[in-house]
Amino acid sequence: MTTATIPGRVNLIGEWIDFNGGTVLPMALSQSVELQLRANGQDYDRVRSAQFPDCIDFAINAPAAGHWSDYVRGGLQYARRQGWIGQGQDVTLKSNLPVGAGLSSSAATIVAALRAASAHLAAVDPVQIALAAKAVENDFIGVPCGIMDQMAVAVGAPGCVLALDTRDCSYQVIPLPADWTIAVVHSGIGRALADGRYKSRREECLQAAEALGVAYLCDGDLEASRALTPVLARRARHVISEGHRSLQAVTVLRAGDRQAFGALMNASHASLRDDLEVSVPEMDAMVRDAAEFGAAGARLTGAGFGGCFVCLIDTQRAGAWWHELQARHPGIQRIA
Ligand code: GLA
């Protein structure tokens, strides 16, 4: 039997730019997915999870079924094609990572399946694992995501920011300053990535890049983007400005400038709300109140449309800040 434990991630800044040539700043969480794998000698995979009552058998080559086990089975099918494992597997999944919250439980599950399936080999490069997990998400699950989540969970470590150049997967690991607290808060608003909104925003970004004559929208010219249709102009403004913000964020993080980093987070949220249009009014209110109660910065994290938001607070004030925010929004839940 082999086991792999893979963390979730929160993205501090650099949202919706991991397929647009941007640098992104995710951080691994202490919450994780644990996956156990054992060959069963059959022509089916048997998948069970501590979180769900059902125990499911799927033929080893069965396509995705819109079921939570797809993330495991996609990873196993990839591993089988590589010759990492043979026939069917019995899989048990345990997780303390909320599902559908924008914390990359899906990437963590796929990466865990790939890690467990390759555990007996000489160490497989984590970047190779991340690229494989992205291929599974794109081709098996059908979500055309970028590389941020898979890299963050395959390479990242809790407490350290991964400054990831999504063009070539090169990265720097930057420790979070001791007096910075990152709070990850679940809004209580559900979301699903596979429902088409991710795909349509992505299409708009690609169309804008093509119209501007650049391979990556982050390289687009802001002035020129004003001539695009109003929707594409807004998408381009988000991506181009977010690309600049995340590069500035690397500099101010290294300098330990919490206020400057927080201001970039606030601007990121406004841009996601107004230009990319991936926020929801309830989330906007929570983010606004988080700042009002003293967070240096607050923004939705992940793809948006609900799920979690992330806040940066002076460590000394974090307890009182949370008390006030929760009193105003009793439905929210602190994840980290
Ligand atoms: C999801 C995708 C990522 C990224 C974010 C938005 O998490 O999986 O690739 O695009 O949305 O930044």
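Let's start between the domains. About 3100 Å² is buried between domain 1 and domain 2, and carbon and sulfur atoms give 68% of it. Buried area here is the accessible area, with a 1.4 Å probe, that two parts lose on being put together, summed over both.

A word on the source. This is a predicted model, where local features need pLDDT of at least 70, side-chain atom pairs count only at pLDDT 80 or more, and totals for chains, interfaces and linings use all residues. Residues are numbered from 1 along each chain as its sequence is written, and side-chain values use heavy atoms, with hydrogens and water left out.

Now the bounds. Domain 1 is 2-175 and domain 2 is 180-334, from an automatic or database domain assignment.

Which residues of domain 1 lose the most area to domain 2? They are I13, E15 and W16, together 24% of what that side buries.

E15 also forms a salt bridge with R299, at 2.7 Å, N to O. The term means a side-chain nitrogen of Lys or Arg within 4 Å of a carboxyl oxygen of Asp or Glu. Between the two domains, the count is two salt bridges.

On to the ligand. E15 and W16 are among the residues around the ligand, meaning a heavy atom within 4 Å of it. The protein covers 97% of the 310 Å² of accessible area that the ligand has on its own, by the Shrake-Rupley method with a 1.4 Å probe.
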